[in-house]
Amino acid sequence: MAKVRLENLRKVFDVPDGEEVAIERIDTTIQDEKLTCLLGPSGCGKTTLLRMIAGLEKPSEGRIYFDDEDVTNVRVQDRGVSMVFQNIALFPFKSVRDNISYGLKYEDVPKDTVKRKVEDIASQLGIAEFLDQMPNQLSGGQQQRVALGRSLIRDPEVFLLDEPMSALDERIRIKLRTELKELQRELATTTVYVTHNQEQAMALSDEIIILNDGQIEQQGTPDEIFDEPANVFVAEFIGSPRINLLEATLEGTALTVDGTDVSIAGPGASAHLAGDATREVFLGIRPSRIELSPESTGDSLRGTVSLLEKLGQEDVAFLDCPAIEQEVRVETDRTDIEEGTTYDLSFDPADVHLFDRASGEALRLDQAAKPAQ
């Protein structure tokens, strides 16, 4: 399988009033035999980047390498890639067997080998019993498995998927993503998966590349992306409910929420920044990391529950905090939380994320000052 390396990649489209930059100077490597998700909001350049890797779009500048081979100008059919699109696009007049085998139509493969490979891939995808049926006799999830089989039967160097599950209902989508992850591990195919669904990306990926406005905001494992967001954009984009960002001031090693006397300084939240006596920051704290207590200690941030969303095992409480003129989201499994009740909000300083308020970039805390994990 191939490692995909992108060097100074740029894509500009001509538009009536000038040019539109879709991808702006991307340098990165997609590891071989891993599943990497391109994640980001609509219009961030995910599909454009995928199409350039596939050879369906030519870069305006930069190079694309599969291992050490420059494939920038290599034709799609000669790149060793297979692609599954959002639109399943099966041949309605061909059987499942013929749809899958179509992936080998233009390759010199003996008929008995084609038959064996079709049956093997259909078995792996759990659709062997449907081989002689037509696509319109299958469910949406089964049709998507056929599309996957048609692409995978070619043993591609790089397997590309452009939001292939977006049209499926939630139950089928969860089942299919699990099967896809298991299949990718079994085949060890370098896989690039485009999605705007963070839950899919977190569940599927070995690595995530977060794009915004045609640029990479952060690249890392799902745990790295969630636990160590590189900036405010990543912190807000990853995680549901969304992270709380509170305006705060960092003075030496003391961190204080703006507009209130509440001090939340602590060894894990302290970051002595040389040369910066005072710094305006955002304090980020995940809703799942906040505890609620009806007892007031007098020096804690307090808020009143304005809305309680019942989501089953985990509920989300929205609290109005007058001292900071801000709403705070709290995820909780407690059954005694009630709307209209006021609570103290507390959290472990080790769970705090700090971001420079001007640049939005994460401030890396002094590791020596952090408590042992």
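In which loop does P241 lie? P241 is placed in the loop between α8 (232–237) and β11, and the peptide bond that joins S240 to P241 is cis, with omega of about 0°. The model is predicted, so that local features need pLDDT of at least 70 and side-chain atom pairs count only at pLDDT 80 or more, while totals for chains, interfaces and linings use all residues. Residues are numbered from 1 along each chain as its sequence is written, and side-chain values use heavy atoms, with hydrogens and water left out.

The secondary structure of the protein amounts to 8 helices and 19 strands; helices (H or I, at least four residues) and strands (E, at least two) are DSSP runs, numbered from the N terminus. Along the principal axes, the C-alpha atoms occupy a box of roughly 80 × 45 × 45 Å. Of the 373 residues, 47% are buried, where buried means under 20% relative accessible area, exposed over 50% and partly exposed in between (1.4 Å probe, protein chains only). Among contacts with a separation of 6 or more, 67% are between residues 24 or more positions apart; a contact means heavy atoms within 4.5 Å.

Helix α5 comprises the 18 residues 170–187, which at 1.5 Å a residue should span 26 Å; the end C-alpha atoms are 25 Å apart, which agrees. The expected span is 1.5 Å times one less than the number of residues. Residues I172, R173, L176, R177, L180, K181, L183 and Q184 of α5 are buried. Viewed down the axis of α5, these buried residues fall within an arc of 170° and so line one face of the helix, the arc being that of the directions from the helix axis to the C-beta atoms. They pack against β3 (35–39), α3 (111–124), α4 (140–152), β7 (158–162), β8 (190–195) and α6 (198–204). The face turned away from the buried side carries the exposed residues R171, E182, R185 and E186. At the start of α5, a side-chain oxygen of D169 comes to within 3.2 Å of the backbone nitrogen of R171. Just after the helix, A188 adopts a positive phi of about 55°.

In α4, 11 of the 13 residues are buried. The buried residues of α4 pack against β6 (81–84), α2 (96–101), α3, β7 and α5.

An open sheet is formed by 5 strands in the order β14-β18-β15-β16-β17, with antiparallel pairing; two strands pair if DSSP finds at least two bridges between them. β14 (291–293) and β17 (326–332) stand at the edges with a single partner strand each, so one side of each lacks a neighbour in the sheet. Strands β16 (residues 315–321) and β17 pair over 7 bridges in the antiparallel sense, and F318 stands opposite R329 in β17. The loop between β16 and β17 holds E325, which has a positive phi of about 50° although it is not a glycine. E325 is exposed, with a relative accessible area of 75%.

Strand β11 (residues 244–251) pairs with β12 in the antiparallel sense over 4 bridges, and the bridge partner of A248 is V257 in β12.

Technical notes: A polar contact is a pair of N or O atoms within 3.5 Å; within protein, one must be able to donate a hydrogen and the other to accept it, and residues adjacent in sequence count only if both atoms are side-chain atoms.
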